[in-house]
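User: I would like to go through this structure with you, step by step. Could you begin with a term we will need?

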Amino acid sequence: MADIVMAYSTAHAPMMSANPASAPDDMAARFFGALDVASAKAAALDPQAVVMVSGEHFSNFFIDNLPQVSVGVGETHLGPVEKWLGIDRVIVPGSPDLGQAILGGLIERQHMPGLSFKLTVDHGFMTVYNRLSPQSTLPLIPMIMNCTFPPLMTLRHCWNFGVSLGQAIRAFTGLERVLLVGAGGPSHFVGEPRVGDIDIDFDLWFLRMMEADCPDELLDIPNDELMLAGNGTGEIRAWVTVAGAMSPAAGGPPTKTTALAYEPIYEWINGMGVALHEVVGSAGPATPASIFAPGGQYAAGPA
Amino acid sequence: MSTYGMQRAIFDHLRRLEAPDQEVPADQIRTEGYELTEAELAALSKPDVGQLYLLGTHPVLINAFCRANGWKKADYAVLFPEGLADSMRSERKARWLTS
């Protein structure tokens with residue numbers, strides 16, 4: 001049976017790869033520092049594959065056939081598709097057996113994901129994957145989630161989906177160690193008049209909700225209220241899915257969630273957050289204190 | 001009328017831009033073969049990002065098009081109708097606001 005050895009969720013703003021130097025140095029350093037902590041902790045646990053959930057950006061699917069979720073079950077995945085992203089286009093290895101197990105396990109648990117043997121992986125995956133596996137050697141199972149084109153899954157739906165995802169991964173007998181990553185969000189506004197706005201209040205509230213293991217106050221939020229925090233903010237569905245997969249209901253060991261970073265980087269038009277879900281007592285480098293802990297960057301509220 | 005043709009033209013344009021062996025002008029969207037209204041055709045041909053938005057193009061498609069053209073936030077925020085952003089910053093209460 002496979003263990004989900006660790007999970008984390010992070011923003012995937014294209015500018016973090018396309019033009020990282022545009023951000024203030026200290027903010028970029030804190031964000032990338034947190035991402036590197038997550039990558040180092042993951043490396044210490046020697047995962048054999050990574051399952052990554054990210055939002056659809058009309059890179060694969062269009063409104064002639066738009067699944068709520070699609071699981072990439074191919075032998076390989078090509079990406080990034082964006083020439084301007086600052087990451088070389090590569091062929092990323094897949095993990096078809098695990099992909100099929102996830103697909104089948106989700107359907108057994110009454111979810112209805114789509115499938116693709118030929119997914120391309122855009123900035124939503126590659127900004128994060130490239131940081132995790134710069135040589136593109138870690139097998140990737142991409143899962144694309146519709147986060148912007150209504151009707152949309154509620155956060156409660158995503159949580160329940162995540163619980164089933166965690167169960168499906170853990171039921172797989174072909175691997176022993178799997179890493180889970182959520183990519184996207186938190187707040188951002190794109191392709192509309194408010195482009196560039198960031199909802200700092202939402203982002204900090206959301207990160208606190210993540211540390212509190214996604215209470216009803218978060219999961220019961222209506223989709224139209226969530227939209228007030230930004231038309232790209234719905235990508236937190238990936239974070240909530242990952243949190244559900246790491247919850248006790250998904251059959252895993254006790255875990256602890258830590259908000260490692262939050263930087264409202266206007267130059268990247270994105271609130272940039274990182275949250276880590278680690279198995280209590282797991283090996284690897286020490287985890288830095290939460291940004292909300294006494295002495296932390298946001299111990300007393302927004303900076 | 002459906003906005004499908006207008007949005008499909010942008011989606012297909014973005015796919016053409018991804019081709020490694022083609023240098024397609026990023027700001028020239030092909031309109032032949034799509035079912036378009038006159039307003040949609042004009043907005044695509046210019047291209048007029050503000051009009052594309054008002055005509056119902058999904059913001060993620062607009063964002064991808066602007067990115068592909070190398071336009072930064074400041075470059076394309078001004079392409080939307082003046083005052084619209086302020087009117088969208090609503091006073092509606094959200095649960096994460098404490099004041």
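This is a predicted model: local features need pLDDT of at least 70, side-chain atom pairs count only at pLDDT 80 or more; totals for chains, interfaces and linings use all residues.

User: Where is P151(A) found, then?

Analyst: P151(A) lies in the loop between β7 and α5 (155–170) of chain A. The peptide bond leading from P150(A) to P151(A) is cis, with omega near 0°.

User: Which residues does the other cis bond join?

Analyst: G185(A) and P186(A) are joined by a cis peptide bond, with omega about -20°. P186(A) belongs to the loop between β8 and α6 of chain A.

User: Where are S136(A) and I269(A) placed?

Analyst: S136(A) sits in the loop between α4 (123–132) and β7 of chain A, while I269(A) sits in the loop between β9 and β10 of chain A.

User: Is S136(A) buried or exposed? And I269(A), buried or exposed?

Analyst: S136(A) is buried, because 20 other C-beta atoms lie within 10 Å and 20 or more is the cut-off for that class. I269(A) counts as buried too, with 22 C-beta neighbours inside 10 Å.

User: Let us turn to the sheet. What is the strand order?

Analyst: The open sheet has eight strands in chain A, in the order β6-β3-β7-β2-β8-β1-β10-β9, and the pairing is mixed. β6 (114–116) and β9 (255–265) of chain A are at the edges with a single partner strand each, so one side of each has no neighbour in the sheet. On average, neighbouring strands are turned by 20° against each other, direction ignored.

User: What packs on the sheet?

Analyst: Helix α9 (residues 236–245) of chain A does, touching β1, β2 (49–55), β7 (140–145), β8 and β10 of chain A. The direction of α9(A) makes about 150° with that of β8(A).

User: How does β1(A) pair with β8(A) and with β10(A)?

Analyst: Strand β1 (residues 3–10) of chain A pairs with β8(A) (residues 177–183) in the parallel sense over seven bridges, and D3(A) has R177(A) as its bridge partner there. With β10(A) (residues 270–279), β1(A) runs antiparallel and is joined by five bridges; Y8(A) stands opposite L276(A). Seven of the eight residues of β1(A) are buried.

User: And at the β6(A) end, how many bridges join it to β3(A)?

Analyst: Three bridges join β6(A) to β3(A) (residues 69–72), and the two run parallel. The bridge partner of S70(A) in β6(A) is G114(A).

User: Now chain B. What does it contain?

Analyst: Chain B has six helices and zero strands. Its radius of gyration is 16 Å, well over the 13 Å that the globule rule gives for 99 residues, so chain B is more spread out than a compact globule. Its C-alpha atoms fill a box of roughly 55 × 30 × 25 Å along the principal axes, and 32% of its residues count as buried.

User: How many residues does each chain bring to the contact?

Analyst: Chain A brings 26 residues and chain B brings 29 residues. On the side of chain A, helix α6 (residues 200–211) gives the most, with three residues. That side divides into 16 nonpolar, five polar and five charged residues.

Key:
Residues are numbered from 1 along each chain as its sequence is written. Chains are lettered from A and ligands numbered from 1 in the order in which they are written. A residue is buried if 20 or more other C-beta atoms lie within 10 Å of its own, exposed if 12 or fewer, and partly exposed in between; C-beta atoms are placed from the backbone. Helices (H or I, at least four residues) and strands (E, at least two) are DSSP runs, numbered from the N terminus. Two strands pair if DSSP finds at least two bridges between them. Axes are lines fitted to C-alpha atoms, for helices over the stretch in contact, and angles run from 0 to 180 degrees between N-to-C directions. Two residues are in contact if their C-beta atoms, placed from the backbone, lie within 7 Å. Ala, Val, Leu, Ile, Met, Phe, Trp, Tyr, Cys and Pro count as nonpolar, Asp, Glu, Lys and Arg as charged, and the others, Gly among them, as polar. The radius of gyration is taken over C-alpha atoms; the globule rule is 2.2 Å times the number of residues to the power 0.38.
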